[in-house]
Every structure is written in structure tokens, then in C-alpha cells.
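The exercises below are to be worked with the structure open. Each task is followed by a solution in steps.

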Amino acid sequence: MKTSPFIVIVLIIAGIFLIQGSPVRKDIQNNLSFFPSEVKKVIDKKCYGCHSAQGKSPVAKGALIWDSLPNLKKSRIVAKLDNIVRVLQKNTMPPEGVVKKNPEMKLLPDESRLLQSWAASKADSLLR
Amino acid sequence: MKILKIIVLAGFVLLIIIQFFPSGIPGNKPEDEKSIVKSDLVTGPVVEQLKKSCFDCHSDQVRLPWYSKVAPASWLLADHINEGRENLNFSNWEDYSKREKTGLLQRIKDEVESGNMPLKSYLLIHADARLRTEDILSLSKWTEEAAAKIME
């Protein structure tokens, strides 16, 4: 079967539009009621790379995808927020290996405290 | 031959010496009001299952086997119990906040469904603690119902 050059061109153009229509996100989708701007800033900088659809580690994505978090069932959101608090208390995120390779990824004590208090109060507000 | 004898003897002496070091196994305490057993989140069959499969590391009511008094097995046991209680202690259930309870229920579900818990090494000696597929399903269902109840 011979493919018409016209169809090929249309497909190429459609492809270009598709690619442009879904740019690779580098930050959480704006949702100020869930992620206050200062929280979003820290997450975007230190956590989003792995915990997003573009992340390379299936383990990280399995554990948490920031963009999906607000859409989960209420009890699941609370459980995830609790896990965030726990992981930050134990100081195990971002993982040591990641920080070794990218020292700028290290979560500063103030940033960790900010995320912890946000996650805890967000969970409490959902439990009320 | 002589060397072998010396090695065996030295091993034996070492085994005796290590018996004098404390194992670090934490103490038990009687079940009280804080236990999940007293909570309205559980029913009889769930309590039985938790006691059988989880309580030996995740409660203050641990059934200690005879080798809990023999080093180095006792050290390993102490490690498991201390770590288990730190992560989740069903005997202090009411000390956890609602948020923590919800998080723990989700973790119980994940650990049980993935087969990570109970630990393989524990199951080698405690065959009765093994979770059958229907046990996993009912525990998993329970965690969801309990989490929903907490959210009410």
C-alpha cells in the first residue's frame, strides 16, 4: 500500500502539536488550596523530579506522585501525608545517593520543618 | 586434628561467654486500654489474626520462644522486636494520632499485600503466623474499613 505524502505531512504536523501540547512539567500543577506557594517551591526544587510522572524511579513513583495526591481518596491522602511526615522525621528523603550526586537537592532543616508542619496540618484538616 | 579441636573448644567457650551479655529484648506488659484489642476498629477474627501473625514483634505482649534466652539468637530477636515496636506497637494504639493511625493502616495493608510481613525469617519458625491468601484479603479489607471509620 502506498501512503500518500499528504497523510504523512498531516501526521508529522499533528505529532508536533501533540508534543508541544504536553510539555514536560517541572513543577506541581498550581493548586494553591492544597500546596501553598512556599511549600510548592520546596517540593518543586527538592522532590518533584522523582515524585512526578516524569520521574525515572518506579519505586519513587509508586510511593508518591505529587500531582495525583490531591485527587486520591481522603483516607489515602491522610496516609500519604503521614508517610511524608514520617520520612522527613527520619531524614531519609531525598535519598542519600541522590544528594551525593546532586548536593543542591539536600533538604535543609527549615525546608523539612516547613513540609512536615504543612503535611501534618493538611492531614488534620482532612480529619476534622 | 588438634587445630580443629581448639577451634571447636574456642567456639564453645565463646558461646558460653556471650550468654552473659544482655540480649536487649524489651519487657512485656499486660494488655491495657491503649491496645488495639480494646478499640472499636477491630472485631474478634481480626484480633486473633493480629495476635497470631503480628503481635510477636508489634506489641508489648510478645510470646517469647525458648531460644529468646540463648545468644546470639536472642540478640536477633531483640533487634526484631525493638524495630517492630518502634514502627508500630499495637499495644499503644491509642497513643497514635488519627493521622498516624490512618498512615499505619495503609502501611499494614501495603506490607501484608506485598508479602513483606510477617518476615520470612519469622515464618520459618512460626508457621502458624503465615497469612493465607484469604487472611491477606480480610486484613486488607479491615485496614480500609478501619481507615474509613477514622475518617468519619
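A residue counts as buried when its relative accessible area is under 20%, and as exposed when that area is over 50%. The model is predicted, and every value below is computed from it.

**Exercise 1. Classify the ring pairs Phe55(B)–Phe90(B) and Trp93(B)–Tyr96(B) by geometry, then state whether their members are buried or exposed.**

Step 1. Two numbers are needed, since a pair of aromatic rings is described by the distance of the centres and the angle of the planes. The cut-offs are under 30 degrees for stacked and over 60 for edge-to-face.

Step 2. Searching the whole structure gives 9 aromatic pairs over all chains. For Phe55(B) and Phe90(B), the ring centres are 5.7 Å apart and the planes lie at 15°, so this pair is stacked.

Step 3. Locate the two partners: Phe55(B) belongs to helix α3 of chain B, while Phe90(B) is in the loop between α4 (73–87) and α5 (98–114) of chain B. They are 35 residues apart, and the pair thus links distant parts of the chain. Both Phe55(B) and Phe90(B) are buried.

Step 4. For Trp93(B) and Tyr96(B), a centre distance of 5.9 Å comes with planes at 75°, so the pair is edge-to-face. Trp93(B) and Tyr96(B) are both buried.

**Exercise 2. Find which residues of helix α2 of chain B are buried, and explain why they line one face.**

Step 1. In α2(B), residues 44–53, the buried positions are Val46(B), Val47(B), Gln49(B), Leu50(B) and Ser53(B).

Step 2. Viewed down the axis of α2(B), these buried residues fall within an arc of 165°, so they line one face of the helix. An α-helix has 3.6 residues a turn, so residues three or four places apart point the same way.

Step 3. The other side of α2(B) carries the exposed residues Pro45(B) and Glu48(B).

Step 4. The cover over the buried residues of α2(B) includes α3 (55–58), α6 (120–125) and α7 (133–151) of chain B.

**Exercise 3. Describe the largest nonpolar core and the place of Leu50(B) in it.**

Step 1. This core has 48 residues, and those touching the most other members are Trp66(A), Leu50(B) and Trp142(B).

Step 2. Two or more residues each come from α2 (37–46), α4 (74–89) and α6 (109–127) of chain A, and from α2, α5 and α7 of chain B. The most come from α6(A), which gives 7 residues.

Step 3. Beyond its neighbours within four places in sequence, Leu50(B) contacts Ile36(B), Val42(B), Phe55(B), Phe90(B), Leu139(B) and Trp142(B).

Step 4. Another core, of 6 residues, lies apart from the largest one; among its members are Ile25(B), Val62(B), Tyr67(B) and Ala78(B).

Notes
Residues are numbered from 1 along each chain as its sequence is written. Chains are lettered from A and ligands numbered from 1 in the order in which they are written. This is a predicted model: local features need pLDDT of at least 70, side-chain atom pairs count only at pLDDT 80 or more; totals for chains, interfaces and linings use all residues. Side-chain values use heavy atoms; hydrogens and water are left out. Buried means under 20% relative accessible area, exposed over 50%, partly exposed in between (1.4 Å probe, protein chains only). Helices (H or I, at least four residues) and strands (E, at least two) are DSSP runs, numbered from the N terminus. The arc is that of the directions from the helix axis to the C-beta atoms. Contact means heavy atoms within 4.5 Å. Rings of Phe, Tyr and Trp (its six-membered ring) pair if their centres lie within 6.5 Å; planes under 30 degrees apart count as stacked, over 60 as edge-to-face and the rest as tilted. A nonpolar core is a set of buried Ala, Val, Leu, Ile, Met, Phe, Trp, Tyr and Cys residues joined through side-chain atoms within 4.5 Å.
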